[in-house]
Amino acid sequence: MAGGIYLIQDDDRLVEMMEQPYDSEDQLQELLVTYPNLIAGDQIDRATARRWLLISREAAPSDEETAVQWSLDHLFLDQNAVPTLVDVRRTPNAELRQKVLGQSIDYAANALVYWPVDSIIALFEANCRDRGRDPEQIFEEFLGANANEDLFWQKVKTNLQAGKVRLVFVADEISAEMRRVVEFLNEQMDPVEVFALEIKQYVSEDGLKTLVPRVIGQTAEAQQKKSSATRERRRWDESSFFAEIKARRGADEAQMAKAIYLWAKSQEPEVQIQWGTGDAYGGFAAQLPQKGRKPYQLFTVDIAGRMEISADNYGSQPPFNAEQNWLELRSKLSAIGLSLPIEPGERRSPSLALFTLQDESGLKQVMETFDWVIEQIKTL
């Protein structure tokens, strides 16, 4: 039996607690579901402790035709919408360690394919139903009453596109070999973060239990690299965005994005432009403020050359939550290449590639369509 820890009770009695292995991997997995704070967010980011939103336990690839046959133990998001992929093993041996590491890198490399954002939302909602909780209530508890849920899910998508994910290997004991591998990966992989999490269990003779998490992999070199990346994050603005999209997508697509931006600017103050933040991806959102309700997000334009809308944002609010109005909106947006689902309120994010708008008449039709959208909303 390994060494223990000691608790001093209120009566000054010293209670010795001895390290004890978990009964099963399932026990350790269930503890993470019940107590997500065991993923030691204060050790992962000492400046701003990470908080966790459980998306799903046993998250499998969304593509039924994929050849891979596995499921991730836990999928979490932190408050910055960074997908956090958690794999739980009880003291893995050398052979199992290699399998776990290889499989988890597979997760990270293919996360966008395995879990597109619509699939992640569906997993989250299914998990809430299984636990008898309201998804909106859980989301509000996680990010606060004033949080914009649509922007949060958009940021999840942006992080996936940028490969910004976090791998966490959990065990009751992390070997020296595992530690060296994790530290090496965390220093070399950018923007992916890689950690091992050792959660030891200590139990007293009279049944007291203590869990002690310890994050491994946060070397000085890794911290310097990641903190440098953090410092480089900035809120995009007109100058930086259009310079970047021109460099990435070419002058024609930058011109299309600029025309849409200038149209939105011409609608001020009725329409407000909100710039996003990100390491490598970003963009702007055109929003229509509303008294007493959350803003109508008309669309976003991102650095990857896409205009995108949220079907849920439109379908969950008047006037388009009414069937006839929804069908009319669906017809209008379909004409410019944005395909809404049949039912209003479905969580989907149709997008339109800007290069398809290089015909001036196509760009004019987009602007006229959103002129119509604004008029419909203003009639409320």
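Predicted model: local features only at pLDDT ≥ 70, side-chain atom pairs only at ≥ 80, totals over all residues.
1. Now to T84, which sits in strand β5. Its side chain makes a polar contact with the side chain of R166, at 2.7 Å. T84 counts as buried because its relative accessibility is 0%, and the cut-off for buried is under 20%. Setting aside neighbours within four places in sequence, T84 touches W52, H74, L75, F76, R166 and V168.

2. Helix α1 is worth a look too. This helix covers residues 25-34, with L28, Q29, L31, L32 and V33 buried. Those buried residues pack against strands β3 (52-59), β4 (72-78), β5 (83-88), β6 (166-171), β7 (193-203) and β8 (209-216).

3. Y6 belongs to strand β1, residues 4-8. With a relative accessible area of 48%, Y6 is partly exposed.

4. Finally, the whole protein. Its secondary structure comes to 13 helices and 15 strands. Of its 380 residues, 48% count as buried. Among contacts with a separation of 6 or more, 62% are between residues 24 or more positions apart. The accessible surface comes to about 18500 Å², and carbon and sulfur atoms account for 46% of that area.

Notes:
Residues numbered from 1 in each chain as written. Heavy atoms only, no water. Buried < 20%, exposed > 50% of the residue type's maximum accessible area, 1.4 Å probe, protein only. Helix = DSSP H or I, 4+ residues; strand = E, 2+ residues; numbered from the N terminus. Contact = heavy atoms within 4.5 Å. Polar contact = N/O pair within 3.5 Å; in protein donor to acceptor, adjacent residues only side chain to side chain. Areas by Shrake-Rupley, 256 points an atom, 1.4 Å probe, with all protein chains shown as cover.
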